[in-house]
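Biologist: I have a structure open beside its sequence, and I would like to learn how to read it feature by feature. Could you take me through it slowly?

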Amino acid sequence: MSDTRTTAPVRPRRATLRALGLWLVLVAAVLTGAASTASADEGSPAVSPVGTWTTAVTIGTGPDAVTSTSHFTFAADHTLTTDGAPGPDGKPQYPGTGYWTARPDGSFAFSITHGGPDVADGGGTYPGTVYAVHQGRVCGDTFTTTAVAFTVVEKTGARLGPITVSARGTRTP
């Protein structure tokens, strides 16, 4: 007689396999994200937005689009500031803040929030606080983005948007 036993194979339950698969996907995502972040932070300055940029921001499309120029500063800690477009007196108005992220291939995104006037000025500036999310690409000493923005009128809580926005920045020496 042989000393082998006949036993039914043990099969893991589907829920266990799904949990294991989900866990592996999460680990891979974390490791990939950490590698991407490290590469972006240590990557060549040609694809990093870190620095100050003179940026033309166009609100809207077509013949009614309005363009203004301001300075955007992308810090190494992934924060972003802008002085805002110059007002009638030439001084910057509506400064903003936000956060950015980038990939080694030059693609990047940022979110920005800034105040606006209390009432519409007829020149493309909407009243209230502006919230925008930009996506684009850094290529050498320029970047281009497109964005969708919304404005919240603080007095009434009304939301305006979506508003199409585009930007083109040139690195400031």
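Modeller: Let us begin with a single residue and its surroundings, keeping in mind that this is a predicted model. Leaving aside its neighbours within four places in sequence, Thr145 is in contact with Phe108, Phe110, His134, Gln135, Gly136, Val165, Ser166 and Ala167.

Biologist: In which strand is Thr145 found, and does Thr145 count as buried or exposed?

Modeller: Thr145 belongs to strand E7, which covers residues 142–152. Its relative accessibility is 5%, and because buried means under 20%, Thr145 counts as buried. Its side chain also makes a polar contact, at 2.8 Å, with the side chain of His134.

Biologist: How should I read the way the strands are arranged, and what do they form here?

Modeller: The general idea is that strands of a sheet pair through backbone hydrogen bonds, either parallel or antiparallel. In this model, eight strands make a closed barrel in the order E1-E2-E3-E4-E5-E6-E7-E8, with antiparallel pairing. Neighbouring strands of this sheet are turned against each other by 30° on average, direction ignored.

Biologist: How many bridges join E6 and E7, and what lies between these two strands?

Modeller: E6 and E7 pair in the antiparallel sense over eleven bridges, and one example is Gln135, whose bridge partner in E7 is Thr146. The two strands form a hairpin with two residues between them, and in the turn Gly140 has a positive phi of about 65°.

Biologist: Which other pairings could I follow around the barrel?

Modeller: E5 and E6 also run antiparallel, with eight bridges between them, and His114 stands opposite Val130 in E6. You can then look at E1 and E8, which pair in the antiparallel sense over seven bridges; in that pairing Trp53 stands opposite Arg171 in E8.

Biologist: I would also like to understand the core. Which residues of the largest nonpolar core touch the most other members?

Modeller: The general idea is that, in soluble globular proteins, nonpolar side chains tend to be buried together. Here the largest nonpolar core has 19 residues, of which Phe72, Phe74, Leu80, Phe108, Phe110 and Phe143 touch the most other members. At least two residues of this core come from each of the strands E1 (51–59), E2 (66–74), E4 (96–102), E5 (107–114), E6 (129–139), E7 and E8 (159–171). To follow one member, take Phe74: apart from neighbours within four places in sequence, its contacts are Pro49, Val50, Gly51, Trp53, Thr79, Leu80, Trp100, Phe108, Phe110 and Phe143.

Biologist: Where in the chain is confidence lowest, and where is it highest?

Modeller: Confidence is lowest in helix H1 (residues 14–42), with a mean pLDDT of 42, and highest in strand E3 (residues 79–82), at 97. Over residues 15–43 the pLDDT stays under 50, and for this stretch the model has seven contacts beyond four places in sequence. The chain averages a pLDDT of 78, and 68% of the residues score at least 70.

How values were computed
Residues numbered from 1 in each chain as written. Predicted model: local features only at pLDDT ≥ 70, side-chain atom pairs only at ≥ 80, totals over all residues. Heavy atoms only, no water. Helix = DSSP H or I, 4+ residues; strand = E, 2+ residues; numbered from the N terminus. Buried < 20%, exposed > 50% of the residue type's maximum accessible area, 1.4 Å probe, protein only. Polar contact = N/O pair within 3.5 Å; in protein donor to acceptor, adjacent residues only side chain to side chain. Contact = heavy atoms within 4.5 Å. Core = buried A, V, L, I, M, F, W, Y, C linked by side-chain atoms within 4.5 Å. pLDDT = per-residue confidence, 0-100. Pairing = 2+ DSSP bridges. Axes fitted to C-alpha atoms, helices over the stretch in contact; angles between N-to-C directions.
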